[in-house]
Amino acid sequence: MNTTANELLDACRAAMTPKPGKPEDGITLQELRDQLGVGYVQARRVLRELIAQGTAEPVKVSRMRMSGILSKTDGYRLKP
């Protein structure tokens, strides 16, 4: 299956859009890779393009570690 750059950008925007009733602080690179089903390099390339376009921005997101501790990590979100 051959995915064009525009299709991947659209899929990235859809994956980063907050779901109704579930407030989101952003999405991590790993979460984005899982939702898009792409590799690390391709996901980073898409994120860089969205940031360059002014569509997305880097943020700190809260995630629960396996130890049960809430911590901040790098994430990304669509600009409002």
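Before the first angle comes up, let me say how it is defined: axes are lines fitted to C-alpha atoms, for helices over the stretch in contact, and angles run from 0 to 180 degrees between N-to-C directions. Please also keep in mind that this is a predicted model.

With that convention, helix α2, residues 29–36, packs against helix α3, residues 40–53, at an angle of about 105 degrees, and their axes lie 10 Å apart. Since angles from 65 to 115 degrees count as roughly perpendicular, α2 and α3 are therefore roughly perpendicular to each other. On the α2 side the contact is made by Leu29, Leu32 and Arg33, and these meet Tyr40, Ala43, Arg44 and Leu47 of α3. Sorted by class, that contact has five nonpolar residues and two charged ones, with no polar residue taking part.

Let me step back to the whole chain. The secondary structure of the protein chain consists of three helices and two strands, and along the sequence these follow the pattern α-α-α-β-β. The chain has 80 residues, of which 29% count as buried, and it exposes about 5,600 Å², with carbon and sulfur atoms supplying 54% of that area. If we take the contacts with a separation of 6 or more, 47% of them are accounted for by residues 24 or more positions apart.

Now to the interior. In soluble globular proteins, nonpolar side chains tend to be buried together. Here the largest nonpolar core has 16 residues, and those with the most contacts inside it are Cys12, Met16, Leu32, Leu36, Val46, Leu47 and Leu50. The elements giving two or more residues to this core are α1, residues 5–16, together with α2 and α3, and α1 gives the most, with five residues.

My last stop is Thr28, which sits in the loop between α1 and α2. Is Thr28 buried or exposed? The cut-off for buried is under 20% relative accessible area, and Thr28 has 12%, so Thr28 is buried. As for what surrounds this residue, again not counting residues up to four places away in sequence, Thr28 touches Val61, Arg63, Thr73, Asp74 and Gly75.

I will stop there and take comments.

Note on methods: Residues are numbered from 1 along each chain as its sequence is written. This is a predicted model: local features need pLDDT of at least 70, side-chain atom pairs count only at pLDDT 80 or more; totals for chains, interfaces and linings use all residues. Side-chain values use heavy atoms; hydrogens and water are left out. Helices (H or I, at least four residues) and strands (E, at least two) are DSSP runs, numbered from the N terminus. Buried means under 20% relative accessible area, exposed over 50%, partly exposed in between (1.4 Å probe, protein chains only). Contact means heavy atoms within 4.5 Å. Accessible areas come from the Shrake-Rupley method with a 1.4 Å probe; for residues, only the protein chains shown count as cover. Angles under 35 degrees count as roughly parallel, over 145 as roughly antiparallel, 65 to 115 as roughly perpendicular and the rest as oblique. Ala, Val, Leu, Ile, Met, Phe, Trp, Tyr, Cys and Pro count as nonpolar, Asp, Glu, Lys and Arg as charged, and the others, Gly among them, as polar. A nonpolar core is a set of buried Ala, Val, Leu, Ile, Met, Phe, Trp, Tyr and Cys residues joined through side-chain atoms within 4.5 Å.
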